[in-house]
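Hi,

Here is the structure I promised to pass on. Have a look at it first, and my notes on what turned up follow below.

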Amino acid sequence: MPKVVNLALQGGGSHGAFTWGVLDRLLEEEALHFEGITGTSAGAVNAVVLADGLAAGGREGARDASRVYWQKVSALFARGIFRPSLIDKGSPDFGLEHSPGFRFFEPMIYFASPYQTNPFNHNPLRDMLAEAIDFERVRQQTEVKLFLCATNVQTAKVKIFAGKELRVEHVLASTCLPLLMQAVEVDDQYYWDGSYAGNPAIYPLVYECDSRDILMVHITPAERPGVPTTSPAIMNRMQEISFNTALIREMRMIAFVNKLIEQGRMGGGRLMLVHVIEAEEFIRAFSWSSRLNADWDFLLHLHNMGARGPTSGWRPISIDSVSNRLWISTPNIFESSNLGLVTRRLVVFGVLANGAALTDCRCPNRPNQPTIAAEEIQR
């Protein structure tokens, strides 16, 4: 029996190649189907490319389309200034600290805006997206419901662009980093990267989709030990916090509503089950500048981590054992002591972050409710 889930895909620059790997792996599960996808920034691009590929050639078409897109990203950056040096390529943190172009450009963003450094608003990403994605096909496809998140510059509100209206401008709006790009105009409104207001926004999946299962790919670290003391580290941490704040609040609201439904204090509602594929542990080991590193070897490394996991690879569990047996399952970043959230760190259809198998994990606050009754299947 097919299992239908929704996907929530975070942004994170080139770290979005991890999500590419996750999607590749999920597409291998013939019994797993997607109803809706909400995405921000790189997550929004992954979502649109996936939908376009599914419409063009089914699951294999989606996998091929994603690979071609990320190859185009790597080729585009190879012609730009953010090329890693030989020292960078040999560094385990995959940063660009020794890239001449990056070292030249980085100080400029603190003194000159894109309106000064790029007055004609040249954006090579526009042409690449138009070449890689058939937007007419995306608008007409019925494989998945798409929701792309952007931040309205003037109102600070999240804007959701639905699949039936998508053009290249909507994807650019969701990916617009304000220190690197001019704000993107859509219908007389101006937008920045959606990560500021929703990374990604979850509520479209609640309101517009029938499936109550949401599988989130979380790639922007919310937890980072220690206190940053250098300017780049402080700026990076500020961005990580701001890119997770809206999501954490929305997740806590879902948990609160779930609790009200459980207690019979809210009629007519439905429990939403949120599952997380977590990349925090190894993303934290990368340099902050690695988000701008699109070297093909690095993208493949990220893809492989998403597709096979950081340790011994995925240990899939049967779809039947997952169906209707999951409870809200969230990492520690969403914990709130007064909500009684489950804090077990999960990789749904996979392994725990430390490689341990998921076998009949029970909620600590609901001892009789199995989070997963896992029948492990070795590939």
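Helix 6 packs through its buried residues against helix 2, helix 7 (135-140) and helix 8 (168-174). Contact here means heavy atoms within 4.5 Å, and helices (H or I, at least four residues) and strands (E, at least two) are DSSP runs numbered from the N terminus. In helix 6 (residues 124-132), the buried residues include Leu125, Met128 and Leu129. Those three cover an arc of only 100 degrees around the axis, so they sit on the same side of helix 6; the arc is that of the directions from the helix axis to the C-beta atoms. Asp127 and Glu131 are exposed on the other side of helix 6. By buried I mean under 20% relative accessible area, by exposed over 50%, and by partly exposed anything in between (1.4 Å probe, protein chains only).

Before you go further, please keep in mind that this is a predicted model: local features need pLDDT of at least 70, side-chain atom pairs count only at pLDDT 80 or more, and totals for chains, interfaces and linings use all residues. Residues are numbered from 1 along each chain as its sequence is written, and side-chain values use heavy atoms, with hydrogens and water left out.

The side chains of Arg126 and Glu169 meet at 3.3 Å, N to O. This pair links distant parts of the chain, with Arg126 in helix 6 and Glu169 in helix 8, 43 residues apart. Glu169 forms a salt bridge with Arg167 as well, at 3.4 Å, N to O. These side chains are partly exposed: Arg126 has a relative accessible area of 32%, Glu169 21% and Arg167 35%.

The structure holds 19 salt bridges. One of them joins the side chains of Lys89 and Asp295 (3.7 Å, N to O). Here too distant parts of the chain are linked: Lys89 is in helix 3 (residues 86-89), Asp295 is in the loop between helix 11 and helix 12, and the two are 206 residues apart. Lys89 is partly exposed at 49% relative accessibility, whereas Asp295 is buried at 18%. There is also a network of salt bridges that links Asp24, Arg25, Glu28, Glu29, Glu60, Arg63 and Arg308.

Leu292 counts as buried, at 18% relative accessibility. Which residues does Leu292 contact, leaving aside its neighbours within four places in sequence? They are Ser14, Phe77, Phe82, Leu96, Phe102 and Leu180. The C-alpha atoms of Leu292 and Arg83 are 8.9 Å apart, although 209 residues separate them along the chain.

Now to the aromatic rings. Rings of Phe, Tyr and Trp (its six-membered ring) pair if their centres lie within 6.5 Å; planes under 30 degrees apart count as stacked, over 60 as edge-to-face and the rest as tilted. The count by this rule is 15 aromatic pairs. Trp20 and Trp70 are stacked, because their ring centres are 6.3 Å apart and their planes at 15 degrees. Trp20 belongs to helix 1 (residues 16-27) and Trp70 to helix 2 (residues 42-78), 50 residues apart, and both are buried. Tyr196 and Phe243 are edge-to-face, with centres 5.0 Å apart and planes at 85 degrees. Tyr196 is in the loop between strand 6 (189-193) and helix 9 (203-208), while Phe243 is in helix 10, 47 residues apart. Tyr196 is partly exposed at 31%, but Phe243 is buried at 7%. Ring pairs also link Phe18, Phe94, Phe282, Phe286 and Phe298 into a cluster.

Finally, the chain as a whole. The protein chain has 13 helices and 10 strands, and 55% of its 379 residues are buried. Of its contacts with a separation of 6 or more, 74% are between residues 24 or more positions apart.

Best wishes

Conventions: Salt bridge = Lys/Arg side-chain N within 4 Å of Asp/Glu carboxyl O.
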